[in-house]
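Subject: A structure for you to explore

Hi there,

Here is the structure I promised to pass on. Have a look at it first, and then read my notes below.

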Amino acid sequence: MWFRRDLRLADHPALVAAASTGLPVVPLFVVDPAFAAAGAPRRAYMTVALRRLDESMKGALVYRYGDPADIVAQFAAEVDAATVFVTRDYGPYGRGRDAVVAERLRAAGRSLVGRGSPYVVAPGTIVKDDGNPYAMFTPFLRRWRTHAIAAPLDHPEVEWRGAPTVACDGPPPTVGPGCELPDIGETAAAARWSSFADDSLDRYHEVRDLPGIAGTSQMSADIRWGVVHPRQLLVDLAPGSAHDTFTSELAWRDFYADVLHHRPESGWANLDVRMNAMPVDSDAAARQRLAAWSQGRTGFPIVDAGMRQLLATGWMHNRVRMIVASFLVKDLHLPWQWGARHFMNHLIDGDLASNSHGWQWAAGTGTDAAPTSGCSTRLRRPSGSTATGSTPGAGYQRSARRSTRCRSSITPRSAPKRCADTDSSRVALANLECQMLDERKTSILRAVVQEYITTAQPVGSTHIADLPSVRVSSATVRNEMAVLEQEGYLAQPHTSAGRVPTDKGYRFFVDHITTPGRLDSAASQRVGTFFDTAHGRLEELLHQTTNLLAQVTHHAAVVVGPRAELATVRSVQIVGLSARHALVVAVFSNGTIDSQTIDLDADTSDLRISAASAHLQAGMVGHSIDKADQTRSSGDPSVDALCVTALAALRQGGNDESVFVGGASSMAQAFDAVDTVRSVLRTLEQQYVVVSLVRDILDRGLTVAIGAEHGVEPLAVCSVVVAPVMVDGDQVGTIGILGPTRMDYPQALATVEVVSDRLAKRLGEGAA
């Protein structure tokens, strides 16, 4: 067993196959470096699920970190295993990964044996009479129902031989999920299913579409991560409307996996390529709309309830998923991929096939597409307004670009000062506390935050009362500050001191910034001069950009560079290093150079290496590595095999991002406690944590994460300000600064915006 983007816990088919040999079983779990690609809720869920799995294996689960192709081959040799069993993975990454692992094992005289799948019916099994795959669900379902379904596998008696007798790197670090997780593990899943079967299954067809009723099984995460197999649920279902409806939901999961199996590019691209011409918004205003949607601040109660439920629980009712998805693509006019990434980052049941094709259903770009009713309705804010400076929802206006054949029935509603239980079904999907401060409290809180940022000293009421922006008596300020303290916006370090902002106070301040910050003339000139004169390789540019950010802001700076997979190939070559090794070198349009070492067969000649190099060059130049076509044959199977190996190595390397961290020493001056400084600096040294941190913040639609909001416990005393680096509408990187929560937020936001814009222009011109 291993992990990258897909994890199978309790891999029953592989387990039974391994146990049937009668030999001891060594359970291996490989943590791929891309562990950070999963959002915090999913990483936290997986960490707990792994712990439960290990307990069921009596502590024998062995953890290893690294590239599965390397780790599995090394481990098999270490324990002298002739055969490695794995449950078949039908996802795009999993298929490629398993092929590389199988080749590495084969070269060592060992074998990889795939068994079963995590689906009722394995992808690629259900086909039409002519052998082609189904493109519509209903005919797929009819054929699916006639397919012989294997019974669940019995749990075998297994002799575990693993940790602690075999070296183990230890489980992944505990991650703060940022939400409330359900009970996790096979025991908890069995109890959940039993409760649903007793209370709701027989009326599932009547209540499953009512968000305010607990009428669904809540088993999606258990199925997604292999805690239970869907066949284990099918045995409890009998003919009848309710049970048939539940069965069809399991068939939908199989259908989407089947579509992705046949069309792997549809994970993040339109299945219906005709819809590529459909216009969407991706400018700064669009990012603001994404932020409001992501945080549940649109002013539409059902949309905001669903989005806040997602943030609070890592789950959302399926009917509400359809509503919020339709709202994002058809009302906010944003790319469905933006919403899909946000879901994958926060859903504990996030699955590429179901998620992406569910979003495409809502966007009208995939299978059984949701109708658009002949109109394209857009919501926008009036000129001059800001995404965070007005009452949620109040600023949206209908665009005049509409079809005369239809009118939307959705009407924006301003959120009240306090709202709760706005769901018409009387059961709120999430806590809809929408606390809004009156004008006086807002001005006082803003003044306290600004003064504390400047002085780093607790702020008293007398000082605030003297400010021209407040204009009330000291006694009134004192009373209002006491109320702000009671509501959690301010804190008092000790009785005789003034107040300091809390994380909640900083959040309100950031969300209600009315005057954007600006770079002073010296900083502006410094940034302009840097980018006007910067030259050299991309890695050097990014490294220097990190130093620039750190020097201008006096905070730690982070720059995550573009992935090679997002750029087109300018040249590629295979160079022999020895009789058994070669180097694949690719130069990309964004200035990056990627080199990967590959293994060669003993009989690989220089002539074959040259032929493979030429074949790769012909098929890859002008394409990104994920779109490169290497399906055409060169006429020599050994050359084709070498090309496949080389391309797989480049794709694996293309998943890695270049990460630069600068100005970490500035953190030592920001905190008095030595232990705090050490903890922060240790965290900044962990590349996967840094990448995950900035990605998670943007995926949540935020530009600022304050204190514990970002979910990285060692950095709970810090705030992070980030901005995407956009080139031709695509995000090719991220920049950010990290400092104490007492940072100048308007200035920080202005700095990252200016630097990200200048870096984007530089990358667009070509960094090489």
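Let's start in the middle of things: the largest nonpolar core has 57 residues, and I735, Y745 and L759 touch the most other members. Helix α27 (residues 745-765) gives the most to this core, with eight residues. A nonpolar core here is a set of buried Ala, Val, Leu, Ile, Met, Phe, Trp, Tyr and Cys residues joined through side-chain atoms within 4.5 Å. Buried means under 20% relative accessible area, exposed over 50%, and partly exposed in between (1.4 Å probe, protein chains only). Helices (H or I, at least four residues) and strands (E, at least two) are DSSP runs, numbered from the N terminus.

Which residues does L759 contact, leaving aside its neighbours within four places in sequence? They are F531, L541, L542, T545, V559, V725 and I735, where contact means heavy atoms within 4.5 Å. Another core, of 40 residues, lies apart from the largest one, and M46, A49, I184 and L250 are among its members.

Please keep in mind that this is a predicted model: local features need pLDDT of at least 70, side-chain atom pairs count only at pLDDT 80 or more, and totals for chains, interfaces and linings use all residues. Residues are numbered from 1 along each chain as its sequence is written, and side-chain values use heavy atoms, with hydrogens and water left out.

pLDDT is the predictor's confidence in each residue, from 0 to 100. The protein chain has a mean pLDDT of 80, and 83% of its residues reach 70 or more. Over residues 1-11, pLDDT stays under 50, and it also stays under 50 over residues 371-435. Where pLDDT is low, the predicted coordinates should not be read in detail.

Next, look at helix α14 (residues 336-346). Ten of its eleven residues are buried, so α14 is largely enclosed by the rest of the structure. Among the buried ones are W336, W338, A340 and F343.

N355 sits in helix α15 (residues 352-363). Why does N355 count as buried? Because its relative accessibility is 7%. Beyond its neighbours within four places in sequence, N355 is in contact with A340, F343, M344 and L347. N355 and A340 are 15 residues apart along the chain, yet their C-alpha atoms are separated by 6.5 Å.

Finally, the cysteines. With a disulfide taken as a pair of cysteine sulfur atoms within 2.5 Å, the count comes to zero. C168 is partly exposed, at 34% relative accessible area, while C179 counts as buried at 15%.

Enjoy exploring!
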